[in-house]
Amino acid sequence: MSNLQLRVISAVVLAVIALGLTWLGGLPFRLLCAAMSAMIFYEWTRMSRPAATNGLGFLPEALVIVFIGALIAGLAASWLLLLVVILIAATAIAAFVRKTGQWEASGLAYANVSGLSLALLRDGDHSGLIAILFLFAVVWATDIFAYFVGCAVGGPKLAPSISPGKTRSGALGGAVGGVVAGVLLAAAAGASNLALLGLVALVLSIVAQAGDLFESWVKRRHGRKDSGVLIPGHGGVMDRVDGLVAAALALYVIGWISAGADHPAQGLFPI
């Protein structure tokens, strides 16, 4: 079986799982977010730790477990956000005192914020469901259009020192595809503020591509081609969700500004 076939099969299986748990919402979706946060942190530390031993002992792992427990329990947004700030600060202070660098704190922040943004966006209502489906549509369309337009058109590289395969034409094609997919999803869901959501989709598409480049930079910084080997044809979990988690954070912030931290989706999708 070719690598392309593996990528397609893996992508379909992951999409079915993600869509199914998104539809269920509640505890099943929070479990998905918790598992994703755990795997992101594992892959991040696996890349960034210079040796098998860790100068901070098991402190980062213990703090990740605390966050995962709070996320699964459905802690209110204000308390969950406060907890994340405390956990990141504790890791950063411990790393500063022991002079181990800040990669552990950065990984904890990246993993925790990823799971938090998705879980709080989904919430338990219909608006949350539409928000996550809108996010998926934009990010997945961005990936697909960027790949095919980049291959078909080519041209100057987007960021050759970070990710040599990405082109400016692909980035533009991905942005257009993301906006179209987002607006179509919003229209099908019955949203009336399509112009605003088209602008939001454009922002998410750009942020998703920036998130992809950020993860590529982290891997290059540590001499890795893939973040892991869990997903056949794709590498690790971070390789698959880098753009998604960046866009999820952006959408959560936008929703927070419009409707508050506890029910961010209702400001964008008052359906």
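Predicted model: local features only at pLDDT ≥ 70, side-chain atom pairs only at ≥ 80, totals over all residues.

Analyst: Contact here means heavy atoms within 4.5 Å. With a relative accessibility of 2%, Ala77 counts as buried, because buried means under 20% relative accessible area. Leaving aside neighbours within four places in sequence, Ala77 is in contact with Leu120, Tyr252, Ala261 and Asp262. The C-alpha atoms of Ala77 and Ala119 are separated by 9.6 Å, although these two residues lie 42 residues apart along the chain.

Two of the contact partners of Ala77, Leu120 and Tyr252, also take part in the packing of helix 5 with helix 9. The axes of these two helices come within 9 Å and cross at roughly 60°, and helix 5 and helix 9 are therefore oblique to each other. In this left-handed crossing of helix 5 past helix 9, the helix 5 side consists of Tyr110, Val113, Ser114, Leu116, Ser117, Leu118, Leu120 and Leu121, which meet Met238, Asp242, Val245, Ala248, Leu249, Leu251 and Tyr252 in helix 9. By class, the contact of helix 5 with helix 9 has twelve nonpolar, two polar and one charged residues.

Leu118 and Leu251 of that contact are also among the residues with the most contacts inside the largest nonpolar core, a set of 59 residues in which Ile40, Phe67, Phe134, Leu135 and Leu204 are listed as well. The elements that give two or more residues to this core include helix 2 (26-48), helix 3 (59-73), helix 4 (77-98), helix 6 (126-153) and helix 8 (194-221), while helix 9 gives the most, with ten residues.

From helix 7 the contact takes Ala171, Gly174, Ala175, Gly178, Val179, Val183, Ala186 and Ala187, and from helix 8 it takes Leu194, Leu197, Gly198, Ala201, Leu202, Ser205 and Gln209. The residues of the contact of helix 7 with helix 8 divide into ten nonpolar, five polar and no charged.

Conventions:
Residues numbered from 1 in each chain as written. Heavy atoms only, no water. Core = buried A, V, L, I, M, F, W, Y, C linked by side-chain atoms within 4.5 Å. Buried < 20%, exposed > 50% of the residue type's maximum accessible area, 1.4 Å probe, protein only. Helix = DSSP H or I, 4+ residues; strand = E, 2+ residues; numbered from the N terminus. Nonpolar A, V, L, I, M, F, W, Y, C, P; charged D, E, K, R; others polar. Axes fitted to C-alpha atoms, helices over the stretch in contact; angles between N-to-C directions. Parallel < 35°, antiparallel > 145°, perpendicular 65-115°, else oblique. Left-handed = near helix turned anticlockwise from the far one by under 90°.
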